[in-house]
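Please take me through this model in the viewer, one selection at a time. For each stop, say what to select and what is there.

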Amino acid sequence: MTTSTLEPFLMTTLYYVISLRSLRKSSSPTSFRLTEKFILLLVFSAFITLCFGAIFFLPDSSKLLSGVFFHSSAVETNTRKGTDSDSNIAVGTDEKILAKIRKDHEKALVEAKDTLQKRPDEIKQDIQNEKDKVLKEGLGKGGKDDDNLPVIEYVRPPGATGHEPSDPETKERREKIKEMMKFAWDSYKRYAWGSNELRPVSMQGHSSNLFGSIKGATIVDALDTLYVMEMYEDFEMATEWVEKNLDFNVNAEVSVFEVNIRFVGGLLSAYYLSGKEVFRKKAIQLGEKLLPAFKTPTGIPWALLNLKSGIGRNWPWASGGSSILAEYGTLHLEFMHLSKLSGNPAFAEKVMNIRKVLNRLDKPQGLYPNYLNPNSGQWGQHHVSVGGLGDSFYEYLLKAWLMSDKTDEEGKKLYYDALQAIETSLMRKSSGGLTYIAEWKGGLLEHKMGHLTCFAGGMIALGADGAPEDKTGHQMEQAAEIARTCHESYARTTLKLGPEGFRFDGGVEAIATRQNEKYFILRPEVIETYMYMWRFTHDPKYREWGWEAVQALEKHCRVEGGYSGVRDVYATSPNHDDVQQSFYLAETLKYLFLLFSDDDHLPFEHWVFNTEAHPLPVIKKEMTDTDKPNQLE
């Protein structure tokens, strides 16, 4: 029986007593008093019984009664139990609690001081890392996030940013290159934001059909350059654009090769440099969009792909509908990282299958023709080039080995065997002593070398240390000779900028003789080789040659609205083509900046550059251990 239940009973009893007293007023006084005493005694007994019932049966009745009769609160009742010795223990406990509070307060002050000394982007990244850690602990090892991606413990590889050079002249030149990047980027922001590229003369946006209706090629291509040059505000602006505007759900045909090296490569690099999850997610989304390109009888991918329908085809001009060596052979680095970051082995399986197809084929004189039919699995026209159509295939054989922490022995063998065939069949020396790499067409040599081929000096230098049979010195000599030839192709022009192609016949050396080979479109390959040669030799001439290129770019390519290519490097004054290529920000300016940086800035033992100069981390051997499936170093 609760208190609320008893209240009506008490009120009824009292009413009954009062009513009786009123009724008895007309009776004799003596009989009334005796009856009244009996009734009062009965009521009092009932009240006493009620109180004792409340003490023993009502919940928390002891607290209620102590509050009513002794005026002490429930809190006091709970805390004032026990003996005096209990009180002493309580006092000691209070002192320990106060000491812990003081210690935690001091620790918080130290952490706050450390935090205030960090850059805003570092603070944001620390917060994100803590969130990722909590998420990982909540999901457990091997868990998935909201996008069904494996939870990755992000660890930034060494050398993402560097220190200012100690040499004053080098520091000044490095700052100049950063100013060039800022001018190119600011011009793009002002006149072409969101477009793929900039028209710096007409000061408007420009879009190539290579990207279909995907937008923002310059933004994605420039992300890592902005980060490497510590242009963090611009990097954050670009990140926000990627998060809100970069969309791959388009009904358009794109170049698988170009979208891979610029967009996938750029997003992967931005993720590894900054740790921002948006880049990992976008890279994987785009990678999944590209997978239908491999739906051919051989698994050799199409050159062009409609991202919505998944229907692919090859360039109509490419030797009877063939796939191109430099295109299908330049997916390996990005797709291996896509598998690592997504947990989906399909990406790696696709590119490893390409090797299986190539291994089954006979190579004419050990060379790889530029054309391969994806339906029959047979070579097309026997045209071999280390420049356009072939170049980055060889580059990716070497870099696949390096990126695997030198565990991909197949990639290593394929590279050095191919390099030996190139040296034997394509590498020649002019009468003037210039080493060049010719092109091979149906067994006949064409003695021309493209600007694109000039990357080979850097490639050969990068691989020289791992060369078989003590060929390291020989290959470094080859690399230096190619760098010299490519420098001569610049030095022998009026504008001191290199032509698209140059020849070694008809009494000329390292000079373009055809009008369609005289243009310069801000290409990076010669600067790339200078950067590698500087890193491996520290010969000051490579920095001087790089600075010559900087001066020529400033004098002839810088216009009011950015940087433009020129149509004829032999003309006395430049005729601008009105395009600021996205690779100018991704490659040319980045390689120049690294040429004048210390060697610990993106060191080669930790980073490998894709063919668009996007740095990707070496996948360390320990990362492949079964007990560390999702750790990146």
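A residue counts as buried when its relative accessible area is under 20%, and as exposed when that area is over 50%. E525 has 8% relative accessibility and is therefore buried. Keep in mind throughout that the model is predicted.

**Stop 1: the annotated residues**

Select E258, D391, E500 and E525, which an unreviewed UniProt entry lists under "active site". With the lining of the largest pocket displayed, E258, D391, E500 and E525 are found in that lining.

Start with E525, in helix α19, which covers residues 525-537. Leaving out residues up to four places away in sequence, E525 touches H451, L452, C454 and F455.

Move to D391, in helix α15, residues 391-403. Its relative accessible area is 12%, so D391 is buried. With residues up to four places away in sequence again left out, the contacts of D391 are A326, S385, V386, L452 and F455. Keep L452 and F455 on display: D391 touches both, and E525 touches both.

**Stop 2: the disulfide**

From E525, step to its contact C454. Which cysteine is the disulfide partner of C454? Select C486: the two sulfur atoms are 2.0 Å apart and form a disulfide. A search of the whole structure finds one disulfide. The link of C454 and C486 is left-handed, with -100 degrees about the S-S bond.

For another cysteine, select C557, which is buried because its relative accessible area is 0%.

**Stop 3: aromatic rings**

Show the rings of Phe, Tyr and Trp; the structure holds 29 aromatic pairs. One of them is formed by Y368 and W379, in an edge-to-face arrangement with 6.4 Å from centre to centre and 90 degrees between the planes. This pair links distant parts of the chain, 11 residues apart: Y368 is in the loop between α14 (346-360) and β7 (371-372), and W379 is in the loop between β7 and β8 (383-384). Y368 has 6% relative accessibility and so counts as buried. W379 is buried as well, with a relative accessible area of 15%.

Next select Y227, Y232, F235 and F279, which ring pairs link into a cluster.

**Stop 4: charges over rings**

Select R535 and F604: the charged end of R535 sits over the ring of F604, 4.8 Å from the ring centre. Then select R558 and F183, where the charged end of R558 sits over the ring of F183, 3.9 Å from the ring centre.

**Stop 5: V220**

Finish at V220, in helix α8, residues 217-228. Its relative accessibility is 0%, so V220 counts as buried. What does V220 touch, not counting residues up to four places away in sequence? The contacts are V242, L246, R262, F263, G266, L267 and H614. To end, draw a C-alpha to C-alpha distance from V220 to A238: the two are 7.7 Å apart in space and 18 residues apart in sequence.

Note on methods. Residues are numbered from 1 along each chain as its sequence is written. This is a predicted model: local features need pLDDT of at least 70, side-chain atom pairs count only at pLDDT 80 or more; totals for chains, interfaces and linings use all residues. Side-chain values use heavy atoms; hydrogens and water are left out. UniProt positions are given in the numbering used here, feature names are shortened, and annotations may be inferred rather than shown by experiment. On a 1 Å grid over the protein atoms alone, a cavity is a set of points where a 1.4 Å probe fits but cannot get out, and a pocket is an open set with protein on both sides within 12 Å along at least five of seven lines; lining residues have an atom within 4 Å of a point. Helices (H or I, at least four residues) and strands (E, at least two) are DSSP runs, numbered from the N terminus. Buried means under 20% relative accessible area, exposed over 50%, partly exposed in between (1.4 Å probe, protein chains only). Contact means heavy atoms within 4.5 Å. Rings of Phe, Tyr and Trp (its six-membered ring) pair if their centres lie within 6.5 Å; planes under 30 degrees apart count as stacked, over 60 as edge-to-face and the rest as tilted. A charge sits over a ring if NZ of Lys or CZ of Arg is within 6 Å of the ring centre and within 35 degrees of the ring normal. A disulfide is a pair of cysteine sulfur atoms within 2.5 Å.
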